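Thanks for asking me to look this one over. My notes follow as numbered points, with the model beside them.

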Amino acid sequence: MSEPEIIDAVGLLCPLPVLKLRKRMKPLGTGDVIVLRADDPAAVIDVPHFCAEAGHELIETVEDGTATLYRVRKG
């Protein structure tokens, strides 16, 4: 299994991290995993909300220095 793509959204503010995530997820197949790296404080709320609304699974959230990694499986 290949490593998931990482979207670097560090330095971007709401709603840009989630918009980038949504755009990059469109061509993925169901069950594919992608990782969003963001440092926007609103992403802690925005990413889980986006996943719930769009039917994706937020697998894990991991602190990565000053940023947070959001591992998402396409629903």
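1. Let me begin with I34, which touches P4, E5, I7, L21, R24, M25, L28, Y70, R71 and V72, not counting residues up to four places away in sequence; contact here means heavy atoms within 4.5 Å. I34 is found in strand β2, and strands (E, at least two residues) and helices (H or I, at least four) are DSSP runs numbered from the N terminus. I34 is buried, with a relative accessible area of 1%; buried means under 20% relative accessible area, exposed over 50% and partly exposed in between (1.4 Å probe, protein chains only). From I34 to P48, 14 residues along the sequence, the C-alpha atoms are 14 Å apart.

2. A word on how to read these values. This is a predicted model, in which local features need pLDDT of at least 70 and side-chain atom pairs count only at pLDDT 80 or more, while totals for chains, interfaces and linings use all residues. Residues are numbered from 1 along each chain as its sequence is written, and side-chain values use heavy atoms, with hydrogens and water left out.

3. Next, the core. The largest nonpolar core has 14 residues, and those with the most contacts inside it are L21, L36, V47 and V72; such a core is a set of buried Ala, Val, Leu, Ile, Met, Phe, Trp, Tyr and Cys residues joined through side-chain atoms within 4.5 Å. At least two residues of this core come from each of α1, β2 (33-38), α2 and β4 (67-73), with the largest share, 4 residues, from α2. Leaving out residues up to four places away in sequence, L36 touches I7, A9, P17, L21, V47, T68, L69 and Y70.

4. How do the two helices α1 and α2 pack, and at what angle? Helix α1 (residues 16-25) and helix α2 (residues 43-54) meet at about 35°, their axes 10 Å apart; the axes are lines fitted to C-alpha atoms over the stretch in contact, and angles run from 0 to 180 degrees between N-to-C directions. V18, L21, R22 and M25 of α1 and D46, V47 and F50 of α2 make the contact.

5. Which cysteines might you wonder about? A search of the whole structure finds 0 disulfides, a disulfide being a pair of cysteine sulfur atoms within 2.5 Å. The sulfur of C51 is 14 Å from the closest cysteine sulfur, in C14, so it is too far for a bond. C14 counts as partly exposed at 44% relative accessibility, whereas C51 counts as buried at 2%.

6. Please look at the peptide bond between C14 and P15 too: it is cis, with omega about 5°. P15 lies in the loop between β1 and α1.

7. D40 is found in the loop between β2 and α2, and is buried, with a relative accessible area of 7%. Apart from neighbours within four places in sequence, D40 is in contact with L12, L13, C14 and P17.

8. I6 touches R24, V35 and R37, not counting residues up to four places away in sequence. The C-alpha atoms of I6 and V35, 29 residues apart along the chain, lie 4.7 Å from each other.
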